[in-house]
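Hi,

Here is the structure I promised to pass on. Have a look at it first, and my notes follow below.

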Amino acid sequence: MKAPVTTGLLAALAVIPAAAFSPLPDCSSVASQVEYSKDGIVAATSSGNELLSDERGRGWRLLFDGKSMRGWRGFDTEAIPRAWRVEKGALTLSKVEGESTEGRGDIVTDAQFANFELRLQWAVEPGANSGIFFFAREGAADRIWKAAPEVQVLDDARHKDGELPSHRAGALYDIYEPKCNALKPAGEYNDARLVVRNGHVEHWLNGYRLVEYDLDSDDFRKRVAASKFREQPEFARVHRGRLGLQDHGDVIRFRSIRWREL
């Protein structure tokens, strides 16, 4: 008997078949292999879009005030793509049916960063995909992903990217996979932290350090040469640039975005 075809909303909510999705171990079950820290985690009682008590007076600054998109614009344009808006205190990519590609696009910060720590919260709808870019340079490539490294934002269990560990939430997309699974269910906010100092990079998710690497190392370059970026000569070649958020056509929300210079 031929299996029924799953379409529309049912397809978006379907979990990847077990044969294709091999889950990473839960981070709490491999505590000896990962580092845990409460730094950057926002209390459940917090309204978001405000500095934490231990951040005040220590050089932290907000990149999103919860009310406007001031400080952000489209990649390679001064305009803000129409699909991006502020909803309920979150910087939100909305799913606008029938909207042309002119209303869509990745966004970047006005400011540029070199050595920094970034903290933010993100939540995805079931089956959604997005990303956080750093060291983005306009003019280096026609698409932001061709030059800037990407921290993956994903509903691992419902998006096809979840089939590959190097494409799962918290990964350096297509290059380094997370050590374990620290992801919260779709719809819930995750606490993300990105630390970059002199080319050394750390990806944290919900208190766990999932990925660590050096942009100038031989290992990094070997992995790039074996990745989808092997034909992108400008990829990860600089240590300064803008932060970016990806429009992948799915509903995604960001809030409590703050940074400090290191």
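This is a predicted model: local features need pLDDT of at least 70, side-chain atom pairs count only at pLDDT 80 or more; totals for chains, interfaces and linings use all residues.

**What turned up**

The charged end of Arg255 sits over the ring of Tyr189, 3.7 Å from the ring centre.

On to the rings themselves. Searching the whole structure gives 10 aromatic pairs. One aromatic cluster is made up of Phe113, Phe116, Phe134, Phe135 and Trp259.

Two of those names, Phe116 and Phe134, come back in the largest nonpolar core, where they are listed among the residues with the most contacts inside it. As background, nonpolar side chains in soluble globular proteins tend to be buried together.

What does Phe220 touch, leaving aside its neighbours within four places in sequence? Its contacts are Leu172, Ile175, Tyr176, Tyr213, Asp214, Leu215, Phe235 and Ala236.

Now the cysteines. The count comes to 1 disulfide, and it joins Cys27 to Cys180 with an S to S distance of 2.1 Å. Cys27 is in the loop between α1 (8-13) and β1 (61-62), while Cys180 is in the loop between β8 (150-154) and β9 (190-197), so the bond ties together parts that are 153 residues apart in sequence. The torsion about the S-S bond of Cys27 and Cys180 is about 100°, which means the disulfide is right-handed. Buried or exposed, these two cysteines? Cys27 and Cys180 are both buried.

Cheers

Note on methods
Residues are numbered from 1 along each chain as its sequence is written. Side-chain values use heavy atoms; hydrogens and water are left out. Rings of Phe, Tyr and Trp (its six-membered ring) pair if their centres lie within 6.5 Å; planes under 30 degrees apart count as stacked, over 60 as edge-to-face and the rest as tilted. A charge sits over a ring if NZ of Lys or CZ of Arg is within 6 Å of the ring centre and within 35 degrees of the ring normal. A nonpolar core is a set of buried Ala, Val, Leu, Ile, Met, Phe, Trp, Tyr and Cys residues joined through side-chain atoms within 4.5 Å. Buried means under 20% relative accessible area, exposed over 50%, partly exposed in between (1.4 Å probe, protein chains only). Contact means heavy atoms within 4.5 Å. A disulfide is a pair of cysteine sulfur atoms within 2.5 Å. Helices (H or I, at least four residues) and strands (E, at least two) are DSSP runs, numbered from the N terminus.
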